[in-house]
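Thanks for coming. I have one structure to go through today, and I will start with the whole chain before turning to single residues.

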Amino acid sequence: MFEIVHDYLALFLVGSWPNGPLGGVAITLILSALGLVISFPISVLIGLAQVSPWRWMRRLAGIWTRLVRGIPLLMIIFWAYFAVPLLVGAEVSAFTTAVCAIIVYESAFLSQIVRAGLEGLPRGQMEAARSNGLSWLQSMRYVQLPQALANMLPSIVNQFVSIIKATSLAYVIGVPELTYSAAQVNTIVLTKPLQTFLVLAAFYFVLCFAISRFAGWLERRIARQRAGLAS
């Protein structure tokens, strides 16, 4: 196991780069970060729709989240792989396809974090904002969302962990992420599949454990700040 890490560490970390495409941990983190950053604004809109006073918006948002959350990510990746080139009328890279699939998938899950963050605020704040002449959208923009975003931060960081693990499915369409790099190592070594995929599991554990600890630290920091403000 340690021999595999020693001989193929670079392949696990950056793939074939600089002599080939970037891959491994680097692509896994880039893919995860893009999926989170791009899907978050979409999830905010969906979350707002779920708590809006307009019934038709709540229904549409509810249908979207239930539909997407009920479909495996692997299926969405396959659909994106065949549908995105048809929609744009041009060939699309496997990396772009994976980003599109993760955006669609994560927007549904992150929207529930946004909805919970908004619904967790005291009702009196919205009533006070409305009584001061603000519209519902203005109340959300200037009063509710800024507070809810602070509440959401630890959950969003934890969701980043889920995205990192979900990127392993991009391997099936040829994205050279961490699981793809492990498969390459396994093809080279041939006789040590157990050790190779134990190394892969260790990489995922280190990444996810570090981010989870950061989420815990962030949650404690926010709690201390609130305690200080309360006192």
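Before the surface numbers, one term: accessible areas here come from the Shrake-Rupley method with a 1.4 Å probe. On that basis the chain exposes about 12900 Å², and carbon and sulfur atoms supply 67% of that area. Please keep in mind that this is a predicted model.

Now the overall layout. The chain has nine helices and zero strands, so in the sense of DSSP runs numbered from the N terminus, the pattern along the sequence reads α-α-α-α-α-α-α-α-α. The C-alpha trace spans about 70 × 50 × 30 Å along its principal axes. There are 231 residues in the chain, and 42% of them are buried. Take the contacts between residues at least 6 apart in sequence: 73% of these join residues at least 24 apart.

One backbone detail comes between the helices. The peptide bond from Trp17 to Pro18 is cis, with omega near 10°. Pro18 sits in the loop between α1 and α2.

Next, the interior. In soluble globular proteins, nonpolar side chains tend to be buried together. Which residues touch the most other members of the largest nonpolar core? They are Phe12, Leu118 and Val175, in a core of 61 residues. Helices α1 (2-14), α2, α4 (73-88), α5 (94-119), α7 (136-166), α8 (178-189) and α9 (193-230) each give two or more residues to this core. As for Phe12, setting aside neighbours within four places in sequence, its contacts include Ile4, Val25, Leu178, Val185, Val199 and Phe203. Gly24, Ser181, Ala182 and Thr196 are also among the contacts of Phe12.

Ser39 belongs to helix α2, which covers residues 24-50, and Ser107 belongs to helix α5. Are they buried or exposed? Ser39 has 0% relative accessibility and so counts as buried. Ser107 is buried too, because its relative accessible area is 2%, and the cut-off for buried is under 20%.

Where do their side chains reach? The side chain of Ser39 reaches the backbone oxygen of Leu36 at 3.3 Å.

On to charges. How many salt bridges does the structure hold? One. Glu119 pairs with Arg115, and the closest N and O atoms are 2.8 Å apart. These residues are four apart in helix α5, so about one helical turn separates Glu119 from Arg115. Glu119 counts as partly exposed because its relative accessibility is 48%. Arg115, with a relative accessible area of 24%, is partly exposed as well.

Last, the outside. Leu74, Met75, Phe78, Trp79, Tyr81, Phe82, Leu169, Tyr171 and Val172 form a nonpolar patch on the surface. Together these residues have about 820 Å² of accessible area. Leu74, one of them, lies in helix α4 and is partly exposed, with a relative accessible area of 30%.

That is what I have to show; I can take questions now.

Key: Residues are numbered from 1 along each chain as its sequence is written. This is a predicted model: local features need pLDDT of at least 70, side-chain atom pairs count only at pLDDT 80 or more; totals for chains, interfaces and linings use all residues. Side-chain values use heavy atoms; hydrogens and water are left out. Buried means under 20% relative accessible area, exposed over 50%, partly exposed in between (1.4 Å probe, protein chains only). A polar contact is a pair of N or O atoms within 3.5 Å; within protein, one must be able to donate a hydrogen and the other to accept it, and residues adjacent in sequence count only if both atoms are side-chain atoms. A nonpolar core is a set of buried Ala, Val, Leu, Ile, Met, Phe, Trp, Tyr and Cys residues joined through side-chain atoms within 4.5 Å. Contact means heavy atoms within 4.5 Å. A salt bridge is a side-chain nitrogen of Lys or Arg within 4 Å of a carboxyl oxygen of Asp or Glu. Patches are made of residues with over 30% relative accessible area and no salt bridge: like charges are joined within 9 Å, nonpolar side chains (Val, Leu, Ile, Met, Phe, Trp, Tyr) within 5 Å.
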